[in-house]
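Please read the following report alongside the sequence and the coordinates.

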Amino acid sequence: MTSEPDSLTNCRFYEEKYPEIESFVMVNIAEMGAYVKLLEYDNIDGMILLSELSRRRIRSIQKLIRIGRNEVVVVLRVDKDKGYIDLSKRRVSPEDIVRCEERYNKSKSVHSIMRHVAGKTNTPILKLYEEIGWPLNRKYGHANDAFKLSITNPDVWNDVKFPNQVVKEEFQSYIGKKLTPHPTKVRSDVEVTCFRYDGIDAIKDALRKAEAKNTQDAEVKVKLVSPPHYVLTSQCLDKQLGIQLLEQAIKDIEASIEAAGGGIKVTMAPKAVTEHDDAELQALMDKRARENEEISGDEDVSESDEGPEVA
């Protein structure tokens, strides 16, 4: 199996050939002794000075740096003529790590798109960076932000000079597939009870409160599993927004049912769920439905023993 030509796969992520002094970069520990590869700069070599490994006394270098692990470091010195890059690990704060990792992950996403288009169109990846990636970095702060924006705003491409129409179509098509956000399903399980004479109506009214504020972009649904177990769900592009919607819905149910003399217990706090979770819930609901069918003809079961459906 032959590998792809370097021109189609290898390139630094940024326009500058070397990182700036005091900038934070992601490196991979290449070998013991703190020799590293700068992942964002086409794997050029660098070195973490032993005196810059840790603020504390070094008892074991092996525990501080492990071969193959990625680390965030800060650039101390750059000798462009000799190609020497001195780095420090001990001068990096937790906040620096978060910012560097965020930028690195965005840059990896851009590079993945660049590699794909380069391979599909047989275009050198450096050419794609020079004509598309780096100009978008300058204009939008990061090409990844421009790519995401282009999904809803095609004007992003107006100032981009594509090498040819094939490259343009492949870029737009692949970005649409790769970066279009998908809705996240958020779910919460609750138990709602009210043992007063009009308890069933009180529960129905309370559950309707969860859906009273629904809009086209923010919708909460309520499903009965089996009394008193109900499931609240919402689908949103923003997971956090979905969680906030369910949290507010629970507060609205709580206010209504407690005013009627009942109560609510949250058995599962709002969280994002997977298709597997959905399948388990559906299986549980099917089981409860079969159980209800089996006792539906039992004379001893009164209407008041059945939980309310949300109309």
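What percentage of the 311 residues in the protein chain is buried? Buried residues make up 38% of the 311 residues in the protein chain, where buried means under 20% relative accessible area, exposed over 50%, and partly exposed in between, with a 1.4 Å probe and protein chains only. The model is a predicted one, in which local features need pLDDT of at least 70 and side-chain atom pairs count only at pLDDT 80 or more, while totals for chains, interfaces and linings use all residues. Residues are numbered from 1 along each chain as its sequence is written, and side-chain values use heavy atoms, with hydrogens and water left out.

**The chain as a whole**

The protein chain has 9 helices and 9 strands, taken as DSSP runs numbered from the N terminus (H or I with at least four residues for helices, E with at least two for strands). Its accessible surface comes to about 18800 Å², and 46% of that area belongs to carbon and sulfur atoms; the areas come from the Shrake-Rupley method with a 1.4 Å probe. Of the contacts between residues at least 6 apart in sequence, 69% join residues at least 24 apart, a contact being heavy atoms within 4.5 Å.

**Packing around helix 3**

Two partners of helix 3 (residues 94–121) are described here: helix 4 (residues 125–140) and helix 6 (residues 165–179). Axes are lines fitted to C-alpha atoms, for helices over the stretch in contact, and angles run from 0 to 180 degrees between N-to-C directions.

| Helix pair | Angle | Axis separation |
|---|---|---|
| Helix 3 and helix 4 | about 120° | 9 Å |
| Helix 3 and helix 6 | about 140° | 10 Å |

Helix 3 and helix 4 are therefore oblique to each other, given that angles under 35 degrees count as roughly parallel, over 145 as roughly antiparallel, 65 to 115 as roughly perpendicular and the rest as oblique. Helix 3 passes helix 4 in a right-handed crossing, that is, with the near helix turned clockwise from the far one by less than a right angle. On the helix 3 side the contact includes Val 110, Met 114 and Ala 118, and on the helix 4 side it includes Ile 125, Leu 128 and Gly 133. The residues of this contact divide into 7 nonpolar, 2 polar and 1 charged, where Ala, Val, Leu, Ile, Met, Phe, Trp, Tyr, Cys and Pro count as nonpolar, Asp, Glu, Lys and Arg as charged, and the others, Gly among them, as polar.

Helix 3 and helix 6 are likewise oblique to each other, and helix 3 passes helix 6 in a right-handed crossing. Among the residues that meet are Ile 113, Val 117 and Lys 120 in helix 3 and Val 167, Phe 171 and Lys 178 in helix 6. This contact divides into 9 nonpolar, 4 polar and 3 charged residues.

**Single residues**

Ser 256 is found in helix 8 (residues 239–259) and is buried, with a relative accessible area of 18%. Apart from neighbours within four places in sequence, Ser 256 is in contact with Asp 205, Ala 206 and Lys 209.

Backbone geometry deserves a look in the loops. A cis peptide bond with omega of about 5° joins Pro 227 and Pro 228, and Pro 228 lies in the loop between strand 7 (221–226) and strand 8 (229–236). Glu 22, a residue other than glycine, has a positive phi near 75°; Glu 22 lies in the loop between helix 1 (6–9) and strand 1 (24–31) and is exposed, with a relative accessible area of 63%. Asn 43 has a positive phi of about 60° although it is not a glycine, is found in the loop between strand 2 (35–38) and strand 3 (44–48), and counts as partly exposed at 39% relative accessibility.
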